[in-house]
There are 2 protein chains.
Amino acid sequence: MIKFDTSHAHLQENIFDYQKAVTLAHTQLHEKSGAGNDFVGWVDWPKSYDHEEFERIKAAAKRLEGQCDVLLVCGIGGSYLGARAAIEMMRGLYCQNKPEVIFIGNTFSSTYFKQVEAYIQDKEIVLNVISKSGTTTETAMAFRMLKQLMEKKYSKEECQRRILATTDKARGTLKELADKEGYETFVIPDDIGGRYSVLTAVGLLPMALAGIDIDAVMKGFAQAYEDLKNPDLHDNPAYQYAVARRILENSGKDAEMLVTYEPQMAMIAEWWKQLFGESEGKEGKGILPCSATFSTDLHSLGQFIQEGKKMLYETLLLVEAPTLDGTFPSDAENLDNMNYLAGKSLDWVNKMACQGTLEAHEVTGDVPNLIITMPDMREETFGYMCYFFFKACAVSVYLLNVNPFNQPGVEVYKKNMFRLLGKN
Amino acid sequence: MIKFDTSHAHLQENIFDYQKAVTLAHTQLHEKSGAGNDFVGWVDWPKSYDHEEFERIKAAAKRLEGQCDVLLVCGIGGSYLGARAAIEMMRGLYCQNKPEVIFIGNTFSSTYFKQVEAYIQDKEIVLNVISKSGTTTETAMAFRMLKQLMEKKYSKEECQRRILATTDKARGTLKELADKEGYETFVIPDDIGGRYSVLTAVGLLPMALAGIDIDAVMKGFAQAYEDLKNPDLHDNPAYQYAVARRILENSGKDAEMLVTYEPQMAMIAEWWKQLFGESEGKEGKGILPCSATFSTDLHSLGQFIQEGKKMLYETLLLVEAPTLDGTFPSDAENLDNMNYLAGKSLDWVNKMACQGTLEAHEVTGDVPNLIITMPDMREETFGYMCYFFFKACAVSVYLLNVNPFNQPGVEVYKKNMFRLLGKN
């Protein structure tokens, strides 16, 4: 379903020379014997996920269908990026279906919170709060304020219907609060870290509430599990990508720019940045993840990529079939001289821009390009893509001799902040 | 109005040792004697801008006030980023004032175009098309389709009222078309490049149509002109920033991450990326511009910054007074254990997060931090900030011995694309 192409990357090593190291990493992943093996629950998740809970997610979405102008998703990091990336990719940026989805609890900005608060004042809302412990400060603060707002707006029973908590299965502040208030709860598994959690209740519940067909998502996820379970590099494009990144890093490329040609994929790039950056940015190692949306950013970052410091490579994340297309119209007067494109599909022009840019960057600019191609931006493809990147990331980081599943550096700012906030 | 602080950057050279080179760059800028001197019209623009046209911009906004649900701004690169950055910073992300502003003509994505087209179908619209020549393909394609849509929706006279063109003063495809159709036109000056154009009609007209007080913007812009006209580094924080970037680059930092703590500033970072990346990314030189919004991205890129490869420094773009603030409420039951913050202002918590993060990245993470502090996100500050970054950028790039005002690399993909599109 997903194709990987290194023919524009001018790799200075042979990918297949890495077979032995890849097989070892693969075995460590599947046998849960490598670094961070407490957090590899995602590896078998396409098979092992809780089917009873999955049905509860769909039932909750069904129950609330049509009763909500705005869905508030309150979470940060892995409890924010995956759901947002999924919903934007599959619904697009100007989807007219209800509910509108607003992400909150992902910032301390007072202006952001107060503006959203005013915006939702007269709207019907549903709130999904997502936090493993319930103590993540951004999310806990926003949740308290939104809970109070909803308790003013709705009866206790209505709040119980309209507030859904995704949290630890048994303990923690949020779990206790939710049980006491009578909110339905969904589970963040113990052995799946935030950045690998988009196809647990963390991402699936917001997707379902936003009207996305999560059965199709999980179908693609399961397909990828089957397609990518072979460690043989010849048969595994995810592992090829894992290796290609390391080869490019070895040749002096310190930054990877994930490039899409669809604005609705911009948040996929943000999700990818967390996945790769947080997994490998340790011990003074790792490739700096950055991103761009073309052709938009060809008119901003394009100059640097083409002629600036030769420190980066691009990874194109391309889509074969756009969700919507149209035909460029003719114009009798042709005052704009654009009739040479009349009758062409809009997407064809996008594809030509991509081809021309690839040639410009690769040949003239001497910038290596890896190419990942997906069939479309629909549900099955999304599920497939998640597993593709999960496996690619885990193996790529094992090749660097780094634990892909912890994030010790994220705690440092929190510790300082808690001291300044006067938290015990 | 804007303060600059290097005390967390551990600079390995003395900024003031660069005085001679800075004075030379300053003189070349003000006397129009350096590289790219055809494009330094922005230097005196706070004084020399066309006051008659400025009044026409305000009159157009006044005339269309209240008659528009959606303002479509059709442009790309410098004809997109500045206006979007300005409007988001000053209005915020969930502003409820009309019009809603949608940016278009900045992508070839068919899905994006078709979704916006459906979204505006039953809404009252005003269209501002922005293109120097009128031949920029993304913008010209979108404009033709939107023009046809508006001609179906409105009478010829109404289209003449509702379509505004910002283009060359005298020639080019768009100027000819606009004159023939009877659209009011506004001028993109010949001697100001796209990325320096936000305070010409290019950015001012969308801002005014969006209800922003452009008199106040230009007041801040003029204030910065006065405050930053002294080449003495002791008195010029913009030039200090220009030098500090080069010192950090000399010490092996290849990437600069512009960090804000306000989601409504995220597009300012995108605008800044074009300004700096396109100005200095030439001849194999330049610092890779990237960006993050904290605390959101502390939960994604934070790990890499804290413990990953030591290749980057941060530039914090901080805001003293938020546009809106609130008080964190108490809760009788305190089920979430958050009462220790009850009575605190939301913005105070944001400031503590910033202080804790600065310490984490600087001290524990060994990442240099430059700090630029602005008083607020209001009109005067926006105008002031633009000039601050313009001068900082131009001088910083002159110090690198690069022409800050051309962008030869942007043409390469276009040339290839035109060949593939079959354009003569």
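UniProt positions are given here in the numbering used for this structure, with feature names shortened, and the annotations may be inferred rather than shown by experiment. With that in mind, the "active site" annotation of the UniProt record (unreviewed entry) covers Glu278(A) and Lys414(A).

## Basis of the report

This is a predicted model, in which local features need pLDDT of at least 70 and side-chain atom pairs count only at pLDDT 80 or more, while totals for chains, interfaces and linings use all residues. Residues are numbered from 1 along each chain as its sequence is written, chains are lettered from A and ligands numbered from 1 in the order in which they are written, and side-chain values use heavy atoms, with hydrogens and water left out.

## The annotated residues

Glu278(A) is placed in helix α12 (residues 266-280) of chain A, and Lys414(A) is in helix α16 (residues 410-421) of that chain. Helices (H or I, at least four residues) and strands (E, at least two) are DSSP runs, numbered from the N terminus.

Glu278(A) has a relative accessible area of 4% and is therefore buried; Lys414(A), at 18%, also counts as buried. Buried means under 20% relative accessible area, exposed over 50%, and partly exposed in between (1.4 Å probe, protein chains only). Contact means heavy atoms within 4.5 Å. Leaving aside neighbours within four places in sequence, the contacts of Glu278(A) include Arg195(A) and Lys273(A) in chain A, and His299(B), Ser300(B) and Gln303(B) in chain B.

## Two copies and their interface

Chain B is superposed on chain A by a rotation of 180° with 0.0 Å of shift along its axis, and the RMSD is 0.0 Å. The two copies are thus related as by a two-fold rotation axis. The superposition is by least squares on the C-alpha atoms of residues with pLDDT of at least 70 in both copies. Within chain B, Cys290(B) comes closest to the rotation axis, with its C-alpha at 3.5 Å.

The contact takes 119 residues from chain B and 119 residues from chain A. Because 100% of the interface residues of chain B are also interface residues in chain A, the copies meet through the same surface. Together the chains bury about 10400 Å², of which 62% is on carbon and sulfur atoms; buried area is the accessible area (1.4 Å probe) that two parts lose on being put together, summed over both. The rule finds 10 salt bridges across this interface, a salt bridge being a side-chain nitrogen of Lys or Arg within 4 Å of a carboxyl oxygen of Asp or Glu. Glu359(B) forms a salt bridge with Arg419(A), in which the closest N and O atoms are 2.9 Å apart.

## The nonpolar core

In soluble globular proteins, nonpolar side chains tend to be buried together. A nonpolar core is a set of buried Ala, Val, Leu, Ile, Met, Phe, Trp, Tyr and Cys residues joined through side-chain atoms within 4.5 Å. The largest core here has 126 residues, and Leu72(A), Ile120(A), Leu72(B) and Ile120(B) touch the most other members. Not counting residues up to four places away in sequence, Ile120(B) touches several residues, among them Val70(B), Leu72(B) and Ile102(B).

## Backbone features

The peptide bond from Lys98(B) to Pro99(B) is cis, with omega near -5°; Pro99(B) lies in the loop between α4 (81-91) and β3 (100-104) of chain B.

Asp366(A), which is not a glycine, has a positive phi near 60°. Asp366(A) is exposed, with a relative accessible area of 55%.
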